[in-house]
Amino acid sequence: MTIENPEIPVIAIDGPSGSGKGTIARRVASALGLHLLDSGALYRLTALAAAGQGKLDASPEILAGIAESLNVRFSTDRQGEEQVWLNDVNVSDQLRTEESGRMASRVAALPAVRKALLGVQKDFRKAPGLVADGRDMGTTVFPDAVLKIFLTAGAAERAKRRHKQLNDKGIDVSLAALSRDIEDRDRRDSERSVAPLRPAEDARLLDSSNLTIDEVTRTILDWAKDRIIVKRI
Ligand code: C5P
């Protein structure tokens, strides 16, 4: 059962793929000593778990069942890199591939799957607070977040960043294919009927196209300053 705890502060960072949310959310959480929720990983894990059972095209109910009963563990390795375990198998590399992003965006369009993951996501809200990154953190999962940020960047810039990220990992993909993929995913995420990608009414917009990671992080920490009172026990 999910126990909602509105007193625990949440910073919601939403935006399209490649806007830098993941990196920024990790930095903000670490600077403030807060927990981190990478909600995209939950959609990716659902897709991976389903694919592993040959059930990617199963009914929404079956996929929702898989989402609800995910056996996931997050850890940090010696280099400070996040490691993700599905049924005790390290799936960190598999999780970040474009293929798992595509599969995730398909299962994420199913209302039953989103509903199943709602409680899973809310359970990450633990003292002293949470930084949650995704598409609908500020609109749907944590509508009472103390600070909501909608992080954007131009599609070309996002494709360039993803390209560099993948190249650094030794993964060879064409920039054109990545741009197409990003645009397709943006469209699917913005046009779906449940929890489409859009800024919450009270979100602050931040365009990171011409900003460094440090500059974006500093801006958010500055906004968070007067909203977060971190109580250390
Ligand atoms: O953020 P990331 O690229 O890991 O997310 C993968 C996919 O999961 C997104 O393209 C989107 O379709 C879906 N997603 C979502 N809602 C979230 C986080 C991710 O629909 N809160």
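**Helix packing, cores and loops in a predicted model**

The axes of helices α8 and α9 come within 9 Å and cross at roughly 120°. Good morning, colleagues. As for handedness, α8 passes α9 in a right-handed crossing.

Which residues make up this contact between α8 and α9? From α8 come Ala155, Arg158, Ala159, Lys160, Arg162, His163 and Leu166, and they meet Leu175, Leu178, Ser179, Ile182, Glu183, Arg185 and Asp186 in α9. Sorted by class, the contact of α8 with α9 holds six nonpolar, two polar and six charged residues.

Setting aside its neighbours within four places in sequence, Leu175 is in contact with Ala159, Lys160 and His163. Leu175 and Arg162 are separated by 13 residues in sequence and by 8.7 Å in space, C-alpha to C-alpha.

Helix α1, residues 21–32, and helix α10, residues 213–224, have axes that come within 10 Å and cross at roughly 50°. The helices α1 and α10 are therefore oblique to each other, and their crossing is right-handed. On the α1 side, the contact involves Thr23, Ile24, Arg27, Val28, Ala31 and Leu32; on the α10 side, it involves Ile213, Asp214, Val216, Thr217, Ile220, Leu221 and Ala224. By class, the residues of the contact between α1 and α10 divide into nine nonpolar, two polar and two charged.

Let me move to the interior. In soluble globular proteins, nonpolar side chains tend to be buried together. In this model, the largest nonpolar core has 34 residues, of which Leu37, Leu45, Leu86, Leu117, Ala132, Met137 and Phe142 touch the most other members. Which elements each supply at least two residues of this core? They are the strands β1 (10–14), β4 (82–86) and β6 (130–134), together with the helices α2 (39–52), α3 (60–68), α5 (98–107), α6 (111–122) and α7 (137–141). The most is given by α2, with eight residues of this core. Apart from this core lies another one, of 18 residues, among them Ile13, Ala25, Val28 and Ile220.

Ala132 deserves a separate word. Leaving aside its neighbours within four places in sequence, Ala132 is in contact with Val10, Ile11, Ala12, Ile13, Leu37, Met137 and Phe142.

Next, helix α5. Is α5 largely enclosed or largely open? Seven of the 10 residues of α5 are buried, so α5 is largely enclosed by the rest of the structure. The buried residues of α5 are Glu98, Ser100, Gly101, Met103, Ala104, Ser105 and Val107. They pack against α2, α3, α4 (92–95), α6, α8 (155–168) and α9 (175–191).

Beyond its neighbours within four places in sequence, Leu110 is in contact with Pro60 and Leu63. In sequence, Leu110 and Leu63 are 47 residues apart, whereas their C-alpha atoms are 8.9 Å apart in space.

Finally, some remarks on backbone geometry. Where does Pro128 lie? Its place is in the loop between α6 and β6. A cis peptide bond joins Ala127 and Pro128, with omega at about 5°.

Asn87 lies in the loop between β4 and β5 (89–90). Its phi is near 50°, a positive value in a residue other than glycine. With a relative accessible area of 48%, Asn87 is partly exposed.

Asp88 is likewise found in the loop between β4 and β5. Although Asp88 is not a glycine, it has a positive phi of about 65°. Is Asp88 buried or exposed? Its relative accessible area is 56%, so Asp88 is exposed; exposed means over 50%.

That concludes the presentation. Thank you for your attention.

How values were computed:
Residues are numbered from 1 along each chain as its sequence is written. This is a predicted model: local features need pLDDT of at least 70, side-chain atom pairs count only at pLDDT 80 or more; totals for chains, interfaces and linings use all residues. Side-chain values use heavy atoms; hydrogens and water are left out. Axes are lines fitted to C-alpha atoms, for helices over the stretch in contact, and angles run from 0 to 180 degrees between N-to-C directions. Helices (H or I, at least four residues) and strands (E, at least two) are DSSP runs, numbered from the N terminus. Angles under 35 degrees count as roughly parallel, over 145 as roughly antiparallel, 65 to 115 as roughly perpendicular and the rest as oblique. A crossing is left-handed if the near helix is turned anticlockwise from the far one by less than a right angle, and right-handed if clockwise. Contact means heavy atoms within 4.5 Å. Ala, Val, Leu, Ile, Met, Phe, Trp, Tyr, Cys and Pro count as nonpolar, Asp, Glu, Lys and Arg as charged, and the others, Gly among them, as polar. A nonpolar core is a set of buried Ala, Val, Leu, Ile, Met, Phe, Trp, Tyr and Cys residues joined through side-chain atoms within 4.5 Å. Buried means under 20% relative accessible area, exposed over 50%, partly exposed in between (1.4 Å probe, protein chains only).
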